[in-house]
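Q: Could you help me learn to read a protein structure, one feature at a time?

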Amino acid sequence: MRKKLRKALLVYNPKSGNSNLILNNFDLITTKLLKKGIILTLYSISRDYDRLIEILKNEKYDIVILSGGDGTLSRCLTDMYNENIEFPEIAVFPTGTSNDLAKSLNLGEKIEDWINNILNKKSKFVDFGLINGNKIFLSSYAGGLFTKVSYATDKGLKKTFGKTAYYITGIDELKNIKKFDLKMRIDDNEEISEKAILYMILNGKNVGGFDELLQNANVDDGIMDILIVKNIENPLEISKILFDLFNGQLVNNENVRTLQAKKCVIEEVSEEIGVSIDGEEGKNEKVEIEFIRDKLKIFY
């Protein structure tokens, strides 16, 4: 008896940093999958023509391949979650400029690696953050210093210079560091109050293009890692923060506080600060965040 063919939907964002990889290698992707009994359909994301949810409600796919950066992935999964569509097995083709989830999962750098993840590896559970019960993030939720960089950096600059564009834009923020009152409540109502310049809630080891920021972080334990950079009165300490950030030693800096939780509530910050959700612009507002486990399976 012949084995039943499986169906895969490749969702790609034509405006992501390296989207040309998909079209240039579409025959390669299709052929390799078909040899393993997987039929591929291509879907292009467009703000003017969005039928993805309608398609997923009316057509059963065994695998959905999401191509783009972290923001593209979280948007697609959020739409599916809010429409009560059970997640199929997910594969990730990280074609965005910054792909923190892909780095945390070690998905590889080449399109052959991404295809082989589907063909040769089993899908495994990956946590995701849920904001106010209706918005998913996969990598990070952050507020304060540097958070505007990810969504304020010129898209042309990002495509030309990649990660370096973020650093170029980020240097400018150092001229005007804003401190703010951070109030947070975690798990069993433990109250956190700090004068801070940055906070991050992370899923995995990487954020904002920085590798191995939290070396002991896991993507499948249902636990969020919270990192708070306290207000720094001595400007010379900023250089130490940056040095530790670039070298993956931030958790050892005396100006940094780290916590772990399953849930947290962050109060709206009275000062004007930037908020970034998986590298895309968020809103400075009161949020309740919880980490969901054993719902989302990704090939890695």
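Predicted model: local features only at pLDDT ≥ 70, side-chain atom pairs only at ≥ 80, totals over all residues.

Q: Which residue of strand 9 stands opposite glycine 144?

A: Glycine 144 faces leucine 198 there. Leucine 198 also stands opposite valine 229 in strand 10.

Q: How many bridges pair strand 9 with strand 10?

A: Six bridges, again in the antiparallel sense, and strand 10 covers residues 224–230. Strand 8 (residues 180–186) is a further antiparallel partner of strand 9, with seven bridges between them. In that pairing, leucine 182 stands opposite glutamate 194.

Q: What do strand 8 and strand 9 form?

A: A hairpin, with three residues between the two strands. Look at the turn: aspartate 187 has a positive phi of about 40°. Asparagine 189, in the loop between strand 8 and strand 9, has a positive phi too, near 65°. Asparagine 189 counts as exposed because its relative accessible area is 53%, and the cut-off for exposed is over 50%.

Q: Where is asparagine 84 found?

A: In the loop between helix 4 and strand 4. With 72% relative accessibility, asparagine 84 counts as exposed.

Q: How should I think about disulfides, and how many does the structure hold?

A: In general, a disulfide is a covalent bond between the sulfur atoms of two cysteines. This structure holds zero disulfides.

Q: Is cysteine 76 buried or exposed?

A: Buried means under 20% relative accessible area, so cysteine 76, at 5%, counts as buried. Cysteine 264 is buried as well, at 2% relative accessibility.

Q: Now the inside of the protein: which residues have the most contacts in the largest nonpolar core?

A: Those are Leu77 and Ile298, in a core of 31 residues. Several elements give two or more residues to this core, including strand 1 (6–12), helix 3 (52–58), strand 5 (123–131) and strand 15 (287–299). Helix 4 supplies the largest share, four residues.

Q: What does isoleucine 298 touch?

A: Leaving out residues up to four places away in sequence, isoleucine 298 touches Ile90, Val92, Leu101, Leu105, Lys122, Ser123, Lys124 and Val126. Another core, of 25 residues, lies apart from the largest one, and among its members are Met184, Ile192, Val269 and Ile273.

Conventions. Residues numbered from 1 in each chain as written. Heavy atoms only, no water. Pairing = 2+ DSSP bridges. Disulfide = S-S within 2.5 Å. Buried < 20%, exposed > 50% of the residue type's maximum accessible area, 1.4 Å probe, protein only. Core = buried A, V, L, I, M, F, W, Y, C linked by side-chain atoms within 4.5 Å. Contact = heavy atoms within 4.5 Å.
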